[in-house]
Amino acid sequence: MSTVLDQPRVEELRSLLRGDVITPSDAAYDRARRVYNAMIDRHPALVLCCRTVADVVAAVEFAREADMRLAVRGGGHNGAGLGAVDDGIVIDLSGMNGVRIDPEARTATVEGGAQLGDLDHAAHAFGLATPAGIISTTGIGGLTLGGGHGYLSRKHGLTIDNLLAADVVLADGSLVHASEDRNEDLFWAIRGGGGNFGVVTSFTLRLHPVSTVLGGPTLWRLEEAEDVLRWYRDFQPAAPEDVYGFFAFLTVPPAPPFPEELQLQKMCGIVWCCTDGAEAERAFRSAADVAEPALHGVQEMLYPSLQSAFDELYPHGDQWYWRGDFVKDIPDEAVRIHVDYAERMPSMQSAMHLYPIDGAVQRTTSDATAFSYRDSNWSMVIAGVDRDPANADALRDWAIEYWEALHPYSEGGAYVNFMMDEGQARVQATYRANYDRLARIKARYDPENLFSVNQNIRPAT
Ligand SMILES: Cc1cc2nc3c(=O)[nH]c(=O)nc-3n(C[C@H](O)[C@H](O)[C@H](O)COP(=O)(O)OP(=O)(O)OC[C@H]3O[C@@H](n4cnc5c(N)ncnc54)[C@H](O)[C@@H]3O)c2cc1C
């Protein structure tokens, strides 16, 4: 790969792009190169801030001709920092964040650089929503292309199960439409296969009538955690699809609305999102029967409020190291391991979450889209998080040791959006039987592997 930029070509690119072309000598460079995870510190040669589809076409053509590594950034939230690359080119889509709602058809057309909060804001005005993640600053782009799970997934599936169509700029600079009846192989691949196939400039998503939910946490002291987790592992898969709760080990933040006596206590909890009041009350009573909660902070709230409830706790610029796995069962031995590592969480923001992916997610088969673990019940993430770079090693060591202890109880692969740079075998384990088909589709749409700064699917030879 060459890293020497052809300056006249860069000047020509400036005249082609509506957005900025940022080089290391520009004042805006330091901000433009940064991603959400401050553990990632990369220095691209160029950041191309695209504002239009034409910008994206010009940027892709430039990167291909320059023969430089290319990273595509949606929301920049990827833990492994896949929205940045050393000495290469970054296509930054954050200026393309428009959302258009069709309330009659119940669809949203979302530009490739929009954040979850942009979609929630626009759809909520019409009492509509679709499943996506739990922090509103996450990019729709990376989240959707990896699968996308969130509070509404037990009822309405993964984000990709609600994807109706996408516009994609391919490696050769052409713009194609992908849906069930156009470029079907590409449409299959982008539903879980990540950013391997091109730059998605627009996603069309199905929306559902969701306006308010019963949301918030129930918390228990860590001494109750074994009983609560054993109850939860049996309760959640059998619960109605209107009752969603992700299980968490956490440290109570040192701020209101949390009572002072709980602040900075390590605890376990369930964060609920329920769309049926009567079923929710039954679930809360059943949970309280297991052990007396230290806090039951559930209330009726606007769906976008729940979607952004953790934003302040997880701002841009923290150190992140995470590991994930898909989980079907949580035997007693795994419960004990969980509690052991929860007691040793290395910082206030560090956590373990078990996100349910049963219910509606399992009504689609594992070969119907690239996302291949639909027979699992949870997508687990162990996240070491802290503001202070001096704690980076402690975060990493805790997350890796915890993950290694639990991995034998997992299904073998992880959600592609919860992976660090873990090697090709882990990428293959993510896709299992779908990997070979993905590699063939990659060979058709990106034979030279221009889109390689991702959990990379190598083109079949
Ligand atoms: C705090 C936090 C909470 C999270 N919670 C959830 C959750 O609840 N549910 C969940 O499913 N995931 C969750 N995630 C994981 C999240 O889905 C991934 O981090 C995802 O990669 C973020 O997408 P992004 O666009 O912000 O990332 P980026 O770093 O911008 O991109 C990630 C990857 O996607 C590619 N990409 C992004 N946009 C495009 C595009 N338009 N076209 C082509 N390729 C593109 C990039 O090239 C890169 O390979 C969470 C992450 C964080 C940090």
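I began by settling a term: two strands pair if DSSP finds at least two bridges between them. I also kept in mind that this is a predicted model.

**The sheet**

I first looked up a bridge between two strands and found that Val99 has Val110 in β6 as its bridge partner.

Next I traced the whole open sheet, whose five strands run in the order β5-β6-β10-β8-β9 with antiparallel pairing. I noted β5 (99-102) and β9 (175-179) as its edge strands, since each pairs on one side only. Neighbouring strands of this sheet are turned by 15° against each other on average, with direction ignored. I also found helix α4 (residues 116-124) packing on the sheet, where α4 touches β5, β6 and β10 (199-206) and its direction makes about 30° with that of β5.

**The ligand**

I then turned to the ligand, which has 34 residues around it, and Val72, Gly74, Gly76, His149 and Tyr415 come nearest. I looked for backbone atoms facing oxygen atoms of the ligand: a backbone N or O atom of Val72 lies 2.7 Å from one, and a backbone N or O atom of Gly75 lies 2.9 Å from one. For Gly139, I noted a polar backbone atom 2.9 Å from an oxygen atom of the ligand. Taken alone the ligand exposes 940 Å², of which the protein buries 98%.

Which element gives the most to the shell around the ligand? I found that α5 does, with four residues. Sorting the shell by residue type, I recorded 15 nonpolar, 18 polar and one charged.

Key
Residues are numbered from 1 along each chain as its sequence is written. This is a predicted model: local features need pLDDT of at least 70, side-chain atom pairs count only at pLDDT 80 or more; totals for chains, interfaces and linings use all residues. Side-chain values use heavy atoms; hydrogens and water are left out. Axes are lines fitted to C-alpha atoms, for helices over the stretch in contact, and angles run from 0 to 180 degrees between N-to-C directions. Contact means heavy atoms within 4.5 Å. A residue is near a molecule or strand if one of its heavy atoms lies within 4 Å of it. A polar contact is a pair of N or O atoms within 3.5 Å; within protein, one must be able to donate a hydrogen and the other to accept it, and residues adjacent in sequence count only if both atoms are side-chain atoms. Accessible areas come from the Shrake-Rupley method with a 1.4 Å probe; for residues, only the protein chains shown count as cover. Ala, Val, Leu, Ile, Met, Phe, Trp, Tyr, Cys and Pro count as nonpolar, Asp, Glu, Lys and Arg as charged, and the others, Gly among them, as polar.
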